[in-house]
Amino acid sequence: MLSIIVPVYNGEKYLKRCIDSLLESTIKEKEVIIVNDGSSDSSEHILAEFEKKYNNITVINQENSGVSAARNIGMQYTRGEYITFVDCDDWIEKDIYTYALDCIIKNNADMLQFGHSVVTDFRYKKKENKEGITIIQENIINQIFSDENYITPSICDKIFKREVINDLTFSKEYKYGEDITFLYEVLSKSSKVIICKKIGYYYFMHNESATQDLSKISLKKVQDSLETIEKAFEYSGEDIELTKKIEKRIFDGLMAWSQFLCRYSMVRTNEIKLIRGYIGQKVLRYKVRFLVNPYLSNFWKLGLVLTTRYGNMLVIFSGIHAFVRKVRGRIK
């Protein structure tokens, strides 16, 4: 049996699409565990109707405690030998769980990742489905930081063997990026994982998404997005190559936030000021390590050389980099 855990918070606009896709899934043995995390809209009523109508749906209502707590509660109610997660504004391809479960059982793997597409309010481009799988049995955690056979930092495009995650929980320390810290633990315990190319999950990025709204960008979000990457150092051991790749991923995160600061350079709110200070301190902390990192180009290293405690030149360099990429894209 496959147990599907769905945390819900104020998801009234998207719940029906999400749950309908799960019910229409071709997999026969499934249970849907939905945790209503203190929603203030009509989500609780919608979920009650679904639970009344379908005997393979279980709804748990709790006070608002965050997505990690909701997933942890959901895991306690599961009965399946395999577990997966879905966010309430997303949906799945009808046959993906049948395909994925058959594959993970045949290969006796601990985790399987399938392909995904990102959908926005303005654009929906379905990716071409590709066949083929890759089986990874060595240096598994390295694949999070690899360009080839890349393991994404999400948990929703994956199926997990229950015995691997049975004693794991999602960290409540992080409000953002909690998926990746969970994955570090899963991969460190796994002896075989499968990457398959078949598209099966659709992430919906709507206007209310925190990444789309300046008012929802906080120092906490920035801190969590970087500190959850830093947690990977706990699993790198003496692997120098992995350590350098983790540093490169931290740098990429810093550049993403630097580009954000460049875009809103005229904004002078206290929160933006705090974010600027935090990013600047983090760049200086890693400056020496970044300068000798083989995965960073000379362009970025020049920006690092020019960066001091009096000014983070990488904000300007990230703006230049984004502008050049935009111009090149238009020329192509």
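Trainee: Which residues does Y97 touch, not counting residues up to four places away in sequence?

Mentor: First, the ground rules. This is a predicted model, where local features need pLDDT of at least 70, side-chain atom pairs count only at pLDDT 80 or more, and totals for chains, interfaces and linings use all residues. Residues are numbered from 1 along each chain as its sequence is written, and side-chain values use heavy atoms, with hydrogens and water left out.

Now Y97. Leaving aside residues up to four places away in sequence, Y97 touches L2, I4, L22, S25, I27, T84, V86, I92, F114 and I159. Contact here means heavy atoms within 4.5 Å.

Y97 also belongs to the largest nonpolar core, which has 92 residues. Within that core, V6, Y97 and I279 touch the most other members. A nonpolar core is a set of buried Ala, Val, Leu, Ile, Met, Phe, Trp, Tyr and Cys residues joined through side-chain atoms within 4.5 Å. Buried means under 20% relative accessible area, exposed over 50%, and partly exposed in between (1.4 Å probe, protein chains only). Helix 9 (residues 240-263) gives this core its largest share, nine residues. Helices (H or I, at least four residues) and strands (E, at least two) are DSSP runs, numbered from the N terminus. Another core, of six residues, lies apart from the largest one. Its members include Y14, W91, V119 and F204.

Next, the cysteines. A disulfide is a pair of cysteine sulfur atoms within 2.5 Å, and the count comes to zero. C156 is buried, because its relative accessibility is 0%. Its sulfur is 9.3 Å from the closest cysteine sulfur, in C18, so the gap is too far for a bond. C196 is in no disulfide either; the nearest cysteine sulfur, that of C103, is 6.2 Å away. C196 is buried too, at 3% relative accessible area.

Two loops deserve a look. N10 sits in the loop between strand 1 (2-8) and helix 1 (15-23). Its phi is positive, about 50 degrees, although N10 is not a glycine. N10 is partly exposed, since its relative accessible area is 29%. N108 lies in the loop between helix 4 (96-106) and strand 6 (111-120). Phi of N108 is also positive, near 50 degrees. N108 counts as exposed because its relative accessible area is 52%. Most residues other than glycine have a negative phi.

Last, helix 12 (residues 314-331). I320 is found in this helix. I320 is partly exposed, because its relative accessibility is 39%.
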